[in-house]
Amino acid sequence: MKKLSVSFLLVLFAVAVKAQFYGQVIDAANGEPIPFAAVKYIGTSEGRSTDIDGNFVLPILNNYSKFEITSLGYKPVTVTVPRGRQEIRGQIIKMYSDDILLGEVVVKKSKIHYSRKNNPAVDLMRKVIANKRLSDIKEKDFYHFDKYEKKTFSYNDIKGTKDTLLSEICPETGKLILPIMVEETSSEENYRKNPKTVKTTIHAKRSDGFQSMLSSGDMITSLIKDIFTDVDIYKDNVRLLQHPFISPISTSEAIGFYHYYIQDTIMVDNERCIDVIFLPNNTQDFGFSGHLFITDDKLNQVKRAVLNIPNNSGVNFVDNLMVIQDFMTLPTGERVMKVDNMVVELSGLYGAIKFQCQRYTSYSNYNFNPITDKKAFKSPQTERVMADAEFKDSTYWASIRPIQLTNSESHLSNGVDKINNDLGAFKKFLLTAVVENSIELTPKPNKIDFLPLNAIVSHNEIDGWRYQGSLQTTGNLSPHLFLRGYGAYGAKDSKWKYKAEVEYSFNKKKYMAHEFPRRSIIASYMYDDMSPVDKYSGTTKDNMYSSFKTSKVDQMMYVNDLKLKYQYETNNNITWSAALDHSKLTPTGKLVYLRNGDYNNGIETIIPHIRTSDVKVGFRYAPRETFINSKQQRLPINKDAPIFTLEHTIGIDGFMDGQYNYNITEATIFKKFWLPGACGSIEAYLKGGHQWNKVPFPMLFTPQSNLSYFVQFDSWSFNMLRNMEFLNDSYASLFINWSFDGKLLNRVPLLKKMKLREYIGFKMLYGHLSDRNNPFKQTGDNDLFVFPTRDRHQTSFVMGNKPYMELSVGISNIFKVITVQYVRRLSYNDMPDIYGGDKLKKNGIRFAVDFKF
């Protein structure tokens with residue numbers, strides 16, 4: 001019995017000895033080991049110290065899952081130990097210098113006046129900025145390099161034994177993460193300075209994990225790619241998290257925007273460097289804090305950059321961001337990027353949801369010789385994907401990776417299985433319904449979608465309560481042929497409405513017909529009720545949010561529409577389109593078509609309907625525009641380049657029973673301007689049009705109006721105009737929106753903790769109605785119609801010589817997602833109230849739900 005007890009204790013001892021955590025603690029900035037750091041389980045006296053090489057061994061305790069690492073001059077790191085593991089080896093844990101935090105405390109509490117005069121740190125940074133042209137490879141006539149990039153999306157700071165068995169420790173944060181998505185890309189980039197051209201060729205790409213759960217999973221990878229863009233500190237502004245951040249070596253703004261402090265002189269990769277810490281003047285502005293390691297020589301170039309976002313920055317949903325960039329000197333003397341590592345910790349619902357996104361990028365094989373191959377720059381595409389890019393095997397990937405995948409990254413099916421198990425069938429159904437606004441009707445791979453869910457029930461003056469169901473096929477049924485349609489029933493008018501559409505895509509699609517580039521022919525037929533302003537809506541006409549109107553909309557039409565459209569998008573974002581359209585417009589509700597001449601002679605001649613047939617050609621150019629594909633539509637995710645459109649429509653009398661000749665020309669220009677000094681951005685939209693012929697009012701221009709209580713940011717519409725309030729045959733409109741991104745409110749002591757963001761908007765419309773189309777001037781002309789009335793009271797008017805104007809002031813980022821907007825009508829405030837309760841309103845409040853970093 002005694003021998004058995006001793007043997008049992010030896011077994012327990014052997015198991016206890018085996019359950020060990022082997023790790024090394026290093027400096028995140030320079031990779032050097034941190035000796036004699038304290039490693040201790042939280043809530044116990046159990047602890048160790050790192051040796052001279054930063055190594056330590058810690059027993060794994062069953063009842064304690066977290067230990068803390070502390071060292072003088074570094075921020076403490078808390079590490080979560082995966083439970084159920086017998087041994088953990090080779091774990092690297094990075095510690096970050098506490099200099100930045102100490103610097104903020106010193107500046108705030110001791111109120112030391114920061115001066116840029118006679119400041120050695122500022123003098124040094126002026127030299128760095130002056131010399132940065134020597135390190136900016138875009139100053140070369142040509143360059144070429146190879147690039148490997150890995151993006152990993154993970155659950156962050158996970159808890160519980162079921163999760164930790166599949167997890168790993170993130171070296172940068174010390175937290176337990178569970179990778180659920182990995183995307184790898186191998187590419188080359190070729191550059192020519194004159195004319196300036198950058199071409200990227202993707203030789204290999206692969207993705208695995210969570211995105212496979214969603215049919216529109218590419219939407220997630222596209223969004224991550226746009227949000228976590230490459231950080232080029234040599235540019236004056238770095239676009240990151242969909243905001244412009246001022247670079248710490250910006251030529252025009254860095255010295256005035258940042259505070260700089262020389263901290264120390266250290267060796268970085270055997271090169272003597274000056275450690276400069278920096279932080280924004282106002283830490284809630286969109287700027288970085290961190291370290292710049294500057295070579296201690298006559299060139300003063302950046303050897304390493306460590307970028308963070310200050311803890312109290314105005315960025316939403318980001319708990320922590322770290323960018324570590326290493327630069328190297330080539331044998332030919334050029335200093336170039338070697339490694340770019342980014343880690344972003346995200347959270348939502350006040351910490352209930354936590355994710356981590358990590359992007360690792362390695363650059364190699366730099367070459368600055370002239371690129372003589374004309375094919376390298378001939379293609380109009382800025383990015384070209386090789387035909388076999390998605391078919392590389394594991395041997396290929398193993399040969400090109402500068403770092404190997406972690407165990408969890410290599411077995412992502414475990415993470416995806418965990419998500420499936422945790423969610424269950426019903427929660428997965430809710431996930432796709434919320435994220436994709438749709439329901440998948442067939443097993444994977446899904447072939448038919450039911451969508452959109454927010455249009456199942458809606459309301460308008462003609463339908464009353466409207467009940468709608470919509471279906472569309474996907475690329476899994478056919479990658480070229482797509483069918484779409486809906487059926488809707490109005491409880492008030494007791495009529496069925498419907499639409500059927502078929503699209504043939506000449507290029508193969510993965511899931512949706514509108515994937516870029518769109519090259520297709522579309523045939524459709526529709527019977528539905530519409531308001532004249534519905535065509536300007538930035539969202540689905542009959543979604544439930546549009547049911548809440550600020551103005552009575554009972555002057556509507558039943559529309560029978562037959563359309564054939566051809567659309568061709570080039571790889572450099574030029575779109576050509578041509579359409580043949582036949583419509584029958586039948587007025588309903590309070591809208592009536594009355595012959596003008598008869599009406600002025602006391603005779604009411606009612607026109608039951610009109611027919612139009614026209615041909616439309618269009619051109620659109622949006623350089624460098626990128627998208628995310630939802631199941632319903634394609635949404636632009638960057639607005640950094642201008643957008644131009646031009647359309648001309650020719651109406652043909654007698655063709656397909658068309659009754660009118662007309663010519664309509666419309667053009668638009670959009671441009672976004674990023675303002676210096678982190679003062680936000682201005683979006684400007686200019687639109688104009690002209691009707692060249694004499695036509696009745698249904699073919700005139702009615703102003704682009706949003707008649708709901710909800711802001712539609714991208715529809716560029718007026719908020720305080722009533723339905724068809726003005727009718728014109730030529731117009732010019734201007735929309736300007738200035739978003740300050742908290743530049744003002746973040747300086748108000750009682751408000752800055754709320755991280756509110758303010759914006760101001762101005763809208764203006766010049767409209768003109770020529771005498772030929774003015775029924776008040778052509779009183780005897782029966783080719784014109786009486787302007788719309790409600791029960792014989794006029795509801796549409798002719799504009800005078802002054803413009804219509806609106807001013808809006810809004811506060812966004814309320815609880816991070818809510819926007820409240822006040823709108824003021826500045827002109828035409830003497831217009832009469834419209835009979836039937838549609839009174840003139842000078843002021844209004846609008847709302848929106850908007851998710852922005």
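Biologist: To begin, is aspartate 157 buried or exposed?

Modeller: Aspartate 157 is buried, with a relative accessible area of 14%; buried means under 20% relative accessible area, exposed over 50%, and partly exposed in between, using a 1.4 Å probe and protein chains only. This is a predicted model, in which local features need pLDDT of at least 70, side-chain atom pairs count only at pLDDT 80 or more, and totals for chains, interfaces and linings use all residues. Residues are numbered from 1 along each chain as its sequence is written, and side-chain values use heavy atoms, with hydrogens and water left out.

Biologist: What is the phi of aspartate 157?

Modeller: Phi is positive there, about 55°, although aspartate 157 is not a glycine. The residue sits in the loop between strand E8 (142-156) and helix H4 (161-164). Helices (H or I, at least four residues) and strands (E, at least two) are DSSP runs, numbered from the N terminus.

Biologist: And phenylalanine 815, buried or exposed?

Modeller: Phenylalanine 815 counts as exposed, at 59% relative accessibility. Its phi is also positive, near 55°, and its loop connects strand E41 (804-814) and strand E42 (818-825).

Biologist: Changing topic, which residues does the cis peptide bond with omega near -10° join?

Modeller: That bond runs from asparagine 194 to proline 195. Proline 195 is in the loop between strand E10 (176-192) and strand E11 (197-209).

Biologist: What is omega between phenylalanine 516 and proline 517?

Modeller: Omega is about -5°, and the bond is cis. Proline 517 belongs to the loop between strand E27 (495-505) and strand E28 (519-530).

Biologist: Why single out such features?

Modeller: Because most residues other than glycine have a negative phi, and most peptide bonds are trans.
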